[in-house]
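Today I am looking up salt bridges.

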Amino acid sequence: IIGLKQLLNERKMKEFGEKIEGVEYKKRVGSYGVIIENERVGVVKAQGYDTYFLTGGGIDAGETETESLRREAREEIGCEIEIGEKIGAAREYFYS
């Protein structure tokens, strides 16, 4: 069994979702964080759905990844956060 950090640090970027042929996707760069406090991992529950997400979202023009993640944490969980090291990157295909 390998750890989360090792899994996310593998060279190949992880991909999620289904890439549908013929669909033109728009690139939306985001910054998301794994929130850990007292050895517990925090997630955000989507209101009205049985779905959970990591804290974070799209990076606004002029923001760095860190600035974006700090802003999103204030908006979504109402907290100031301490940001550690980057543990990985991923590409998600989403079409609605």
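I started with Glu-15. It counts as partly exposed, because its relative accessibility is 47%. The model I am reading is predicted.

Next I asked which residue Glu-15 forms a salt bridge with. The partner is Arg-91, and the closest N and O atoms are 3.0 Å apart. This pair ties together parts that are 76 residues apart in sequence, because Glu-15 lies in strand E1 (residues 14–16) and Arg-91 in strand E8 (residues 90–92).

Then I turned to Glu-72. Is Glu-72 buried or exposed? I found a relative accessibility of 8%, so Glu-72 counts as buried. Glu-72 has a salt bridge with Arg-71, with 3.2 Å between the closest N and O atoms. Arg-71 comes out at 15% relative accessibility, so I noted Arg-71 as buried. The cut-off for buried is under 20%.

I followed these two further. Arg-71 and Glu-72 belong to a network of salt bridges that also links Asp-60, Glu-63 and Glu-75.

My next entry is Arg-74. Its salt-bridge partner is Glu-80, and the closest N and O atoms lie 3.6 Å apart. Arg-74 has a relative accessible area of 40%, so I wrote down partly exposed. Glu-80 stands at 59% relative accessibility and counts as exposed. Exposed needs over 50%.

Last, I asked how many salt bridges the structure holds. The total is seven.

Technical notes
Residues numbered from 1 in each chain as written. Predicted model: local features only at pLDDT ≥ 70, side-chain atom pairs only at ≥ 80, totals over all residues. Heavy atoms only, no water. Salt bridge = Lys/Arg side-chain N within 4 Å of Asp/Glu carboxyl O. Helix = DSSP H or I, 4+ residues; strand = E, 2+ residues; numbered from the N terminus. Buried < 20%, exposed > 50% of the residue type's maximum accessible area, 1.4 Å probe, protein only.
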